[in-house]
Amino acid sequence: MIFRQFFDPVSCTYTYVLGDEVGREACLIDPVLDRVDEYAQWIDGQGFRLVYAIDTHIHADHITGLGQLRERTACRTAMGEKSPAECVDVKLSEGESLTIGSLLLKVLYTPGHTDDSYSYVMADRVFTGDALLIRGTGRTDFQNGDAYQAYDSLFHKLLLLPEATAVYPAHDYHGQTVSTIGDEKRLNPRLQVRSAGEYADLMASLRLPDPRLMDVAVPANRRCGQVASPDGAGRSG
Ligand SMILES: [Fe+2]
């Protein structure tokens, strides 16, 4: 298997490439539009073909590369079935698996940060989007976020994975690149709560500013990254 973690310093987004060496097919998780060249060149350079570009949820802080990657590489785009992005080719539901050659990405529905948040489990690792971050969790105060749902996704789904499972989130703001389910259980300050109500109180106390790009990124990402021009027509990039 090939595996690579990319970082976009503008939005502090992590993007992942996973590839199967036998069929030389790869997928991207949470690609950022501005870095599509970098991903495509890297995958080409490895002699792999991109077959899927996946978003864990509709992002509010950067524009997705899904649409442009599909145009450039003829890959298929994928999101969870609750995604409002109608442009997406494949809508996945919990319990389904996406196959990339011999690799299996198992779909977990983990709402709470947004109502369309999904995590993807592959053998010894999980790609959590913003449902579970390193020593943090995704905010729950917009895009139909819900702290009670987030608690359920965390405590009744993600934290039930084996403790050695590597955690790869969609963001980190402090240079941390990977964690494990066991470390997050013990060390994540947001997870040291005794009830869903306590978690909801904690999230309600955060009072975070809106992401700078939110008003542009959310509508664009519902169109797979197509930004509306002033005359109302769409434009890629
Ligand atoms: Fe997010």
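Predicted model: local features only at pLDDT ≥ 70, side-chain atom pairs only at ≥ 80, totals over all residues.

Reader: Thanks! So which residues are buried in helix α3?

Author: In α3, which covers residues 147-156, the buried ones are A147, Q149, A150, Y151, S153 and L154.

Reader: And what do those buried residues pack against?

Author: They pack against α5, residues 196-204.

Reader: Let me zoom out. How many helices and strands does the protein chain have?

Author: It has six helices and 14 strands. The radius of gyration is 17 Å, close to the 18 Å from the globule rule for 237 residues, so the chain is as compact as a globular protein of that length.

Reader: What box do the C-alpha atoms fill?

Author: Roughly 50 × 45 × 30 Å, taken along the principal axes. Of the 237 residues in the chain, 46% are buried.

Reader: Now the sheets. In what order do β1 to β6 come?

Author: These six strands make an open sheet in the order β1-β2-β3-β4-β5-β6, and the pairing is mixed. At the edges stand β1 (2-8) and β6 (90-92); each has a single partner strand, so one side of each is left without a neighbour in the sheet. On average, neighbouring strands here are turned by 25 degrees against each other, direction ignored.

Reader: How do β5 and β6 run, parallel or antiparallel?

Author: Parallel, with three bridges joining β5 (residues 76-80) to β6. Within that pair, G80 stands opposite L92 of β6.

Reader: Which strands does helix α1 touch?

Author: Helix α1 (residues 36-45) packs on this sheet and touches β1, β2, β3 and β4, and its direction makes about 20 degrees with that of β2. Helix α2 (residues 66-73) packs on the sheet as well, touching β3, β4 and β5, with its direction at about 160 degrees to that of β4.

Reader: Which residues have the most contacts inside the largest nonpolar core?

Author: A26, C27 and L28, in a core of 61 residues.

Reader: Nice. What is A26 in contact with, leaving aside its neighbours within four places in sequence?

Author: Its contacts include I2, V17, L18, I43, L50, V51 and I100.

Reader: Changing topic: what order does the sheet from β7 to β12 have?

Author: That open sheet of six strands goes β7-β8-β9-β10-β11-β12, again with mixed pairing. Its edge strands are β7 (97-100) and β12 (179-180), each pairing on one side only.

Reader: How many bridges join β7 to β8?

Author: Four, and the two strands run antiparallel. The strands form a hairpin with two residues between them, and G101 in the turn has a positive phi of about 60 degrees.

Reader: And in what sense do β9 and β10 pair?

Author: Antiparallel, over three bridges between residues 118-122 and residues 125-129. There, V121 stands opposite V126 in β10.

Reader: Last one: where is D141 found?

Author: D141 sits in the loop between β10 and α3.

Reader: Why does D141 count as partly exposed?

Author: Because D141 has 14 C-beta neighbours inside 10 Å, and partly exposed lies between the cut-offs of 12 or fewer for exposed and 20 or more for buried. The C-alpha atoms of D141 and M203 are separated by 8.2 Å, although these residues are 62 residues apart along the chain.

Conventions
Residues numbered from 1 in each chain as written. Pairing = 2+ DSSP bridges. Axes fitted to C-alpha atoms, helices over the stretch in contact; angles between N-to-C directions. Contact = placed C-beta atoms within 7 Å. Core = buried A, V, L, I, M, F, W, Y, C linked by C-beta atoms within 7 Å. Rg over C-alpha atoms; globule rule 2.2 N^0.38 Å.
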